[in-house]
Amino acid sequence: MQRHEFLARVRELGEYNSQEEAEKVTEAVLRVLAQRISPGEVDDLASQLPGPLGKFLSEVKPQQAESFGIEEFHRRVAEGTGARPRTAQWDASAVLTAVAMAISGGELNQILSQLPSSYATLFGKPELAE
């Protein structure tokens, strides 16, 4: 999958007005996801995303994963996009559903194994949530 295809999918899922808006939201969500999963998992995810997005993930990778819940995830996305937390929930779902569609099932399982089950709905996998 090419970067423009990935962003087009985010744009469609999030119902954004432009590719630029989809890109801004994508970068904000990926930045927060990189804070939440292990550095090794960030590298694995980066290797499966289109080149520039993978490179972006590698650049924002922290030294270690932080532990925070889904509300804090939304708050951090909102901070990164300038949106309200409810909008950030929509944004996170659009981006992470596109991520789930773009990566292998094994990689998705690895990411989900590092997150509380409540995150599964953001990836378009409500059946895995508690």
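Which residues of helix α3 are buried? Keep in mind that you're looking at a predicted model. Helix α3 covers residues 39–48, and its buried residues are Glu 41, Val 42, Leu 45 and Ala 46. Look down the axis of α3 and these buried residues sit within an arc of 140°, so they line one face of the helix. As for what that face packs against, the partners are α2 (19–36), α4 (51–60), α6 and α7 (105–113).

Helix α6 brings us to another pairing, this time with α5. Helix α5 runs over residues 70–81 and α6 over residues 85–102; their axes come within 8 Å and cross at roughly 95°. Angles of 65 to 115 degrees count as roughly perpendicular, and α5 and α6 are therefore roughly perpendicular to each other. On the α5 side, the contact is made by Phe 73, His 74, Val 77, Ala 78 and Thr 81. Helix α6 contributes Pro 85, Ala 88, Gln 89, Asp 91, Ala 92 and Leu 96. Sort the residues in this contact by class and you get 7 nonpolar, 3 polar and 1 charged.

Now step over to the loop between α4 and α5, where you'll find Gln 64. Is Gln 64 buried or exposed? The cut-off for exposed is over 50% relative accessible area, and Gln 64 comes in at 60%, so Gln 64 is exposed. Glu 27, for its part, is 37 residues from Gln 64 in sequence, and the two are 19 Å apart in space, C-alpha to C-alpha.

How values were computed. Residues numbered from 1 in each chain as written. Predicted model: local features only at pLDDT ≥ 70, side-chain atom pairs only at ≥ 80, totals over all residues. Heavy atoms only, no water. Axes fitted to C-alpha atoms, helices over the stretch in contact; angles between N-to-C directions. Helix = DSSP H or I, 4+ residues; strand = E, 2+ residues; numbered from the N terminus. Parallel < 35°, antiparallel > 145°, perpendicular 65-115°, else oblique. Contact = heavy atoms within 4.5 Å. Nonpolar A, V, L, I, M, F, W, Y, C, P; charged D, E, K, R; others polar. Buried < 20%, exposed > 50% of the residue type's maximum accessible area, 1.4 Å probe, protein only. Arc of directions from axis to C-beta.
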